[in-house]
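Open the model in your viewer and keep the selection tool at hand. The stops below go from a whole chain to its parts, and then to a second chain.

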Amino acid sequence: MKNISAILIVSLFFLGCKKTQVAMPDSSQWALFRDGAAAPLPYATRQAMEGVYDIAGNDNFGSLAALKWSYVVNGNNDTTYHISGFFGKDIAYFICEGKQLNGQILLSGYWRKMVSTETGIIRFTIDPANGATVLLNPSPVLPTAIILDGLFGNGQDEPKNSITLSHNRPLHNGAAPFNILAHRGGGRNSDLLPVSENSVEMILKTAELGSTGIEIDVRFTKDGIPILYHDNDINLRLTQKSGLVGPIENYTYAQLNAFVRLINGERIPTLRQALSAALYKTPLTFIWLDTKYIGSLERVQALQFEFMELATGLGRPLQIVIGLPAEAQVNMFLELPDYNITPSLCELSLADVERTNSMIWAPRFTEGTQNENVAAIQAQGKKAFVWTLDVPEFIEQFIRDGQFDGILSNFPSCVAYNYYVQQ
Amino acid sequence: MIRITFYTILLLILSPAAYSQDSNFVAKHRAIFFPYPMYKEKWRTSLGFSFLTTPEDITEEIRLRIPCGEFTVLRKISEKVQAQGRVSFQFLQNHITAGVHYVKPINKKFYWSAGNDIGYWFGLLKIVEGFNSKASGWLTYPSVSFGWMTRKDLLITLKAQASFNLYYQSENGENKFVSTQKYYNGEAFTLSIEQPFYQRKHLLLAFSAISNKFYWQTWSLFYKTNRRVFYPQITVGFIL
């Protein structure tokens, strides 16, 4: 009995300590997609493919999907385009690349459910008779019937389950742009994404997940370099074992760069690297700098202005705001030169929004949709965002019943789905 | 293997009804977790507290280690059937269970019980600025316990408990959603020891390994997913 109890306790301890991981499937094995004659899809084709689709043949993902393209710039003249499908069930999505071959459109990638660790390979074809001919026309004439014949599998298994997507209507597009903001640069480590929170790699990936903007956490190194890092200390939640412990502010950037790697192997990025990635390599239009430290905001403000000017010079819409989560940050903000014209986002009361002349009010979701307060802020020409909204039922309600201009979430794909499928 | 399991179950069912009531038991072992029949007693109660450790990879720097008060009461229905009630209270979030358990001796050393409890939890977060949240839910907890009475007045119990979510309701401001989805939530294994320690006072100490999709103490911290989360918990109780 003693032995059995001991074995049970030890087993439970080890099972409990075992970290859950998601093995991302390798979707590059589809011979047809790898055919040397397969060519990229033109811009007009990609644009015409976006929309809300009915799902048939399988109930694994719900009844509707919102399909939207995004891009990431890899280098000079090298851009990768992804089509993402956002589903209404289990916070599921797929991310595929697209090609054309012999008059067919091919999509190859993977799917994932954020409520679990389920993932797998997914592939679609659009036959000439199912819309490919129209879509590949240099000027696609819409609306046209588009049918995506798909197969998906579990894990690394060859996809065998069928799924069919039929174009229903265009994506919802409100009168004013709606901000789908991703927490921690795109998502948290606990949601088992293949890249680490608050990393450049995450920022490059986040548009695939439906984001139009990001929230990132800013701290300073010992030598005054603003970096992206959420927690107070170097810990195993965020980083691999390095031998360094204690507050991250105790180390210089050179030390962190040399010895610390984020949980998926990336380096801790400087704020400059993060802003540069967002500006030059992604379609993101909004960056929320969440200040996680107590100290002068001057260096952050300088980078904020520098990158907003660069964006203006490129003709690229990009708003960068300093987040003010608490009274301490408000006081630091009010000490800044030109704070009055510095774009900021205030999480506190409406009076604090006025005091700081913030352009955005961002209350916590736990107080509800607050439509009267949101209307009052919008009447002043300001915007209202809500954070951090992760419960799918509440995301749906806030989009349906609320008046917010944006939602910050760890599940931007869920926000994207609920926003784009609106009638 | 199937045959062995069958004979084990048969042995448990047909085992001698009772090794006569141990009149010394009550004086020696006022047990709460240990599955011992209530021959002469009508009530057993304990008061204590538990500590749950929340998972760092999900709750991040928020490490919830608020002690949770625990009050347990057993009420005799018949010698081998007991009603059990438990209140777990943290003021802002509380959990109440009530159920019936069948208790049976296997021999003089070993005992077992099986039963089911229905649980209701509710949480309220309105005292902090920026929060206007409340939530509640119903669960059911079937369980089975095996007890070993050692020679040194030490009672060791291993309890396996499953949980099924029956109902969940959450409100934030004017927004509300209700889920009546019923699903297997997870299981908990508890190893408890109960022993007299000072002037015939009895202490219980329990270590639980809980693996759940949803745990009521974390309702305000993060969104439930289909993934299991591991929670270690320690319970200390004074048997009254």
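What percentage of the 423 residues of chain A count as buried? Select chain A: 49% of its 423 residues count as buried, a residue being buried if 20 or more other C-beta atoms, placed from the backbone, lie within 10 Å of its own.

Before going on, note that this is a predicted model, in which local features need pLDDT of at least 70 and side-chain atom pairs count only at pLDDT 80 or more, while totals for chains, interfaces and linings use all residues. Residues are numbered from 1 along each chain as its sequence is written, with chains lettered from A and ligands numbered from 1 in the order in which they are written.

The cartoon has 13 helices and 20 strands (DSSP runs numbered from the N terminus: helices are H or I with at least four residues, strands are E with at least two). The radius of gyration of chain A, 23 Å, is close to the 22 Å of the globule rule for 423 residues, so the chain is as compact as a globular protein of that length. That radius is taken over C-alpha atoms, and the rule is 2.2 Å times the number of residues to the power 0.38. The C-alpha trace spans about 70 × 65 × 45 Å along its principal axes.

Next, colour residues 31-169 of chain A as domain 1 and 179-420 as domain 2; such bounds come from an automatic or database domain assignment. The C-alpha centres of these two domains lie 30 Å apart. Their contact takes 17 residues from domain 1 and 18 residues from domain 2, where contact means C-beta atoms, placed from the backbone, within 7 Å. On the domain 1 side, strands E3 (64-75), E4 (78-87) and E5 (92-101) of chain A each supply at least two residues, and E3(A) gives the most, with 6 residues.

Now select Ile287(A), Phe385(A), Leu389(A) and Ile407(A), which touch the most other members of the largest nonpolar core, a set of 120 residues. Such a core joins buried Ala, Val, Leu, Ile, Met, Phe, Trp, Tyr and Cys residues through C-beta atoms within 7 Å. Helix H13 (residues 412-420) of chain A gives the most to this core, with 6 residues. Centre on Leu389(A): its contacts beyond four places in sequence include Phe365(A), Phe394(A) and Ile407(A).

Finally, show chain B beside chain A. Their contact takes 25 residues from chain B and 28 residues from chain A. On the chain B side, the largest share, 3 residues, comes from H3(B).

Technical notes
Buried ≥ 20, exposed ≤ 12 C-beta atoms within 10 Å, placed from the backbone. Contact = placed C-beta atoms within 7 Å.
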